[in-house]
Amino acid sequence: MYSTRRAVYLKMIKRLCFSLVVILFAAVAAQVVFAEASKEEIEALTPFKYAMRSDRDINLAEFALIIGKSVYPETKVKEQLGKIDWMADEIKKILGKTNEPAKVIEAINRYLYKEQKMVSESMGKDELLERFMLPKVLDTMKGNCLGSSTLYWALAERFDLSMQAVVIPRHVFLQYADGNGISHFIEATSDGVNVPKEEYVKKTKSLIGEDIPKYSIGDEIKFRFISKQQFIGLILYNRGIYYLKRKQYDEGLSDFNWALILDPENHEAYKSRGAIYLEKKDASKALDDFQKALKLEPNCPSTYLNIGLSMAMLDRLDEAIRDFNEAIRLAPDYADAYHNRGAAYSKKELWDKALDNFKSALSFAPDNASVYYDRAVVYHQMGEIDKSIDDYTKSCELNPYYPEVYSNRGTLYARQEKWDKAITDYQKAIELVPLFPDPYRNLAIVYYKTKEYKLSLDNINKYLELISDDHADRKQISDMKDELVRLLNK
């Protein structure tokens, strides 16, 4: 039979906020803008200056509030600090004269979870920032693992507790040493209970392949103990993830830069910054970041995948294939690795190897529209037009917002002289992306072949408007325009 405390552990484990984002990605550090903070606050509290300080000299609450103020300008830092100090005074009333660490923890737990009724909420898409930015956590008494731990630590630092944070995949919690030199874990998302390490390991392993992508971590569950300085970096890292998900790449890049200044051991920050560099088509910087991440976290399949993507972008295809091979060795059912290895073989015009890899990718991820698209391109190159059309059709069924699919399928229909189907596909591509040049050119050609010269001319004019003056097609299409003008003026 489980004890009462054991039952609490299990209840906590079910509620754990495994919500720190791990993703499939050194620039000059840009300054973090603290909206409406005073010049003195900014100069005193920039992350770079904090990197030069010891934990004892860092006021976590103050800095976390100023980070929050940069997102929520209405935040009144001094008032919020006063609120935290008032909360600490209320905890002192519970404590009485004792300052024994275990008693302090009990008092904080009673105050936060019984009297203030603080609750845990995971990082939902819409309230991601609210759940870990300290100003909002204070306002609502709701936080995810990062937000709850920030408030908890902000209170604990007012009692001079010796504390660290602990990072595991998708989660962060706290640790303190009692007066006897024994370490205890504090689960801030579940009433501050002391959860044994094996419970965290057990729960994390149970989530791998479900809530946690199995390819986002290496071959073991690592506990990374971080200082207050590194914890500030973790807040900035998570804000960077928020920006990355919303394609605000410059803002995300700035946060990842600062996160790595404060915590050069954060392999996830290297991966995430590398992802932004890939989006910006800066493959050399991406490669450098992914290789740094791999040194910190060896044997991570997703890192090998991203190194391979960087190599492919640099047209170093043999090296890319080598890295995709390593990702597959570590994770034999890694669909993305098969897909991208197939794409690399396709660029090398090794069609049979490309097809074999796309087949493997689809066996593990049958609803991946991009794999069908890439296989359709290979079939097209091999002259297997019907197979190519079938795969383009499957791709647009899975993702109807992919303009290249319609444009390419339209071209195959045109080759078969199925003009109506070709026109429908080109028009769909234009509907999705009105500034996509290729469908206008292709429509012009179809209308020319069907003797719809006015419609052909209209589309040629639009195409010429969208392409650059030095575009390779400009002269040929301009000559076609002259021919159409001549035909219309007969």
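1. In α8, Leu146, Ser149, Thr150 and Trp153 meet Lys228, Phe231, Leu234, Ile235 and Asn238 of α10, where contact means heavy atoms within 4.5 Å. These contact residues divide into 5 nonpolar, 3 polar and 1 charged. Here Ala, Val, Leu, Ile, Met, Phe, Trp, Tyr, Cys and Pro count as nonpolar, Asp, Glu, Lys and Arg as charged, and the others, Gly among them, as polar.

2. This is a predicted model, in which local features need pLDDT of at least 70 and side-chain atom pairs pLDDT 80 or more, while totals for chains, interfaces and linings use all residues. Residues are numbered from 1 along each chain as its sequence is written, and side-chain values use heavy atoms, without hydrogens and water.

3. Helix α8 covers residues 145-156 and helix α10 residues 228-245; they pack at about 145°, with axes 11 Å apart. Helices are DSSP runs (H or I, at least four residues) numbered from the N terminus. Axes are lines fitted to C-alpha atoms over the stretch in contact, and angles run from 0 to 180 degrees between N-to-C directions. The crossing of α8 past α10 is left-handed, that is, the near helix is turned anticlockwise from the far one by less than a right angle.

4. Helix α18 (residues 369-381) and helix α19 (residues 385-398) have axes that come within 8 Å and cross at roughly 165°. α18 is therefore roughly antiparallel to α19, a term for angles over 145 degrees. The contact includes Tyr372, Tyr373 and Arg375 of α18, and Asp391, Tyr392 and Lys394 of α19. By class, the contact of α18 with α19 has 9 nonpolar, 3 polar and 4 charged residues. α18 also passes α19 in a left-handed crossing.

5. Helix α21 (residues 419-432) packs on helix α22 (residues 437-449) at about 155°, with the axes 9 Å apart. The two are therefore roughly antiparallel, and α21 passes α22 in a left-handed crossing. Among the residues that meet are Trp419, Ile423 and Tyr426 in α21 and Tyr440, Leu443 and Val446 in α22. This contact divides into 11 nonpolar, 2 polar and 1 charged.

Key: Angles under 35 degrees count as roughly parallel, over 145 as roughly antiparallel, 65 to 115 as roughly perpendicular and the rest as oblique.
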